[in-house]
Amino acid sequence: MQARRAGRVATAGVVLALVLVLSITFAITIGPSNVTPVEVWGSVLHHLGVGDGQLSLLRDGIVWQLRLPRVLTAAAVGAGLAISGAVMQALTRNPLADPYLLGLSSGASLGAVAVLLLGIAVLLPVAAFLGAMLALGLTLLLASSLGRITPSRTVLAGIAVSALASAVTSLVIFWTVTGDSYREILGWLLGSLSGARWPEVAIAFAAIVIAGLPIMLSGRILDAFAFGDTSAAALGINVNSTRWILLAATALLTGAMVSVSGSIGFVGLILPHAVRLLVGPRHRALLPLSAIVGAIFLIWADTAARSVFEPRELPVGIVTAIIGAPIFAILLTRRRSEV
Amino acid sequence: MPRLSRIIVLAAAVAVALSGCATISAVSTPSPSTSTAAAEKFDNCGTRVDFSDAAPKRVITIKSTSTEMLLALGLGDRIVGTAFQDGPVPATWKTEAAKLSVLSVQVPSQEVVLNSEPDLIYAGWESNFSADGAGTRSDLQGLGIATYVSPAACREVGYQPARLGFSDIFREIGQVASIFHVSDTKLLAQQKSDLAAIPRDKRGLTALWFSSGSSTPYVGAGIGAPQLVMDTVGLKNIASGVKETWTSFNWETVVNDNPDVIVLVDATWNTAAKKMAVLESNPATANLDAVKNHRYLIVPFAASEAGVRTVSAASDLATQLARLDLK
């Protein structure tokens, strides 16, 4: 049984990693302009030092400055959100948890809006991270003031903090927006990868390396948490400090992702559930596989967002919600007994 | 409570009537126009309006297009307040515009509107008439306040112009003139002769009308004022395939089509200079011919929407375009 599961996880891992590489390879050949797949790959290989690119400066820019950074950002954001979702679900023992629970998204949005609209001179990802941390801090402070920190108290406190941060964000927008400048912020609030260039790729991948990898390596600890604080403590885990460290790492991850893409919903909520169906609930397998599936999912959701209605573009948050909500409903009915 | 509100409405109505009486002597009585009663009764974006009894005397204008239309018709003295203006008026109307009181920098609330006791609210956008804006058209009608939306901005099927033409703008001029029982002859003659004088560029140049946005560009599309202006000056709009007035677009198509010139909309909150910086900082658009050679045309935001300034906007762009030297 154990061996069969391990074999299944390994197979799934190899297959999914392959699908991820193929997804990146093919997603960059899709778009409104008429660059052929061969030209696209030629351009990428040329930038990687292989062969000489035959594309003009502009068409090369379409591939190397627009499509590739966007696809890579989608992959990193999708992976980051899926990891954050899986961790949040474990830490709060709540199957409905997602990266944006506990006010993380609203706090990050507030930080970002403060930079974008109030002109506060902080880097956008830093502001989003500080906003996410501030919201998380407030949530935990409120939850602890209710007594022992339980998952349900934390979630309820998060709802209150989330509502406050959203209201302040709306207030900032209401007071500062003039003419049609709300458009600048609208796409970002709905979740969009259209602004993704190489700096965004760097931010998203740095967050995966700094916060995502350590989280993925703490699967064993998260498995202990899944059985409750008491059993985690019995296994020799310092429950409080571990929870804090994991929550802070999740806040960093979420803050970085929100800063490059706005709040993209459903990726962190549904994908861990889907992967659990495939490989079971153990986090050592769940976390890396969720990351890969999240990356694949967001690459294709964003490819749809930028090509289905061309030459117009849809904020990708709309696509993930339209695909995500029905999948979530199906998962709910299949896992009826657990919810 | 219903009784109280009725009293307030009654009091407001009395106040409107009284103030109307008070101002009537100050306003020069408009000469009875030749227009028939039918011209003063019509369907405006799906709402029946009737101005056959009397011309409005206390008007609130929302957005620049409505304010400028009244100034162009010499009706500035009817404006009791302006709101949500898009930018400064052209020099010709500067003195007149300086006298107008500003009710709200953005869309005014219902109470702000009612407080000015208008008999007409003239809006540049249909959406200005909403419960969280100046009030719905039917609510305002119930309070005895007439409403009028610039017909070029109607959004409903059957009301939105299939492809905006100068005939739509001239029809609005005629409609507004008949609402106020004044003559449109002089203004229309001026507009038509100015329009006829605009030279059409023969070089077959393509253009992007860059209105706002940085990660997603918001551009002038195929059926609105930007398309009309570009047609007039002889530019081919790369976004003309989208059957909208304006649309969110994508940079990949812009880079692929590599437009010869870029029209930049200049707004106080999003200047043309800021848009140039956006184009230059994005490595993909920095290599566009128009960006590398600084082939920009600039149009003020307030002139970019359909109205009495569309002809002069086109004339201005034609002048800028003629100056561009493309090798």
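Q: At what angle do α8 and α13 of chain B pack, and how far apart are their axes?
A: Helix α8 (residues 225-233) of chain B and helix α13 (residues 310-323) of chain B pack at about 50°, and their axes are 9 Å apart. Axes are lines fitted to C-alpha atoms, for helices over the stretch in contact, and angles run from 0 to 180 degrees between N-to-C directions. Helices (H or I, at least four residues) and strands (E, at least two) are DSSP runs, numbered from the N terminus.

Q: Is this a model or what, and how are things labelled?
A: This is a predicted model, in which local features need pLDDT of at least 70 and side-chain atom pairs count only at pLDDT 80 or more, while totals for chains, interfaces and linings use all residues. Residues are numbered from 1 along each chain as its sequence is written, chains are lettered from A, and ligands are numbered from 1 in the order in which they are written.

Q: Back to the pair: which residues of α8(B) and α13(B) make the contact?
A: On α8(B) they are A225(B), L228(B), V229(B), T232(B) and V233(B). On α13(B) they are T310(B), A313(B), A314(B), L317(B), A318(B) and L321(B). Two residues are in contact if their C-beta atoms, placed from the backbone, lie within 7 Å.

Q: What classes do the residues in the contact of α8(B) with α13(B) fall into?
A: There are 9 nonpolar, 2 polar and no charged residues. Ala, Val, Leu, Ile, Met, Phe, Trp, Tyr, Cys and Pro count as nonpolar, Asp, Glu, Lys and Arg as charged, and the others, Gly among them, as polar.

Q: What about the helix pair α5 and α6 in chain A, what angle there?
A: Helix α5 (residues 124-145) of chain A and helix α6 (residues 151-176) of chain A pack at about 135°, with axes 8 Å apart. That makes α5(A) oblique to α6(A).

Q: Which residues of α5(A) and α6(A) meet?
A: A135(A), L138(A), T139(A), L140(A), L142(A) and A143(A) in α5(A) meet R153(A), T154(A), A157(A), G158(A), A160(A), V161(A) and A165(A) in α6(A). By class, this contact has 9 nonpolar, 3 polar and 1 charged.

Q: New topic. How many residues of chain B are in contact with chain A?
A: 27 residues of chain B are in contact with 25 residues of chain A. On the chain B side, β11 (246-248), α9 (251-257) and α11 (283-286) are the elements that give two or more residues. α9(B) gives the most, with 5 residues. The side of chain B that touches chain A has 12 nonpolar, 13 polar and 2 charged residues.

Q: And chain B as a whole, how many helices and strands?
A: Chain B has 13 helices and 13 strands. Of its 327 residues, 49% count as buried. A residue is buried if 20 or more other C-beta atoms lie within 10 Å of its own, exposed if 12 or fewer, and partly exposed in between, with C-beta atoms placed from the backbone.

Q: What is the mean pLDDT of chain B?
A: The mean is 88, and 88% of the residues of chain B reach 70 or more; pLDDT is the predictor's confidence in each residue, from 0 to 100. Over residues 12-35 of chain B the pLDDT is below 50, and this stretch has 24 contacts in the model beyond near neighbours in sequence. The model scores ipTM 0.74 and pTM 0.80.

Q: Where is G42(A)?
A: G42(A) lies in helix α2 (residues 37-47) of chain A. G42(A) is buried, because 20 other C-beta atoms lie within 10 Å. Leaving aside neighbours within four places in sequence, G42(A) is in contact with G51(A), G53(A) and Q54(A).

Q: Where is N258(B), then?
A: N258(B) is in the loop between α9 and β12 (261-266) of chain B. Its phi is near 40°, a positive value in a residue other than glycine. N258(B) is partly exposed, with 18 other C-beta atoms within 10 Å.

Notes
Parallel < 35°, antiparallel > 145°, perpendicular 65-115°, else oblique.
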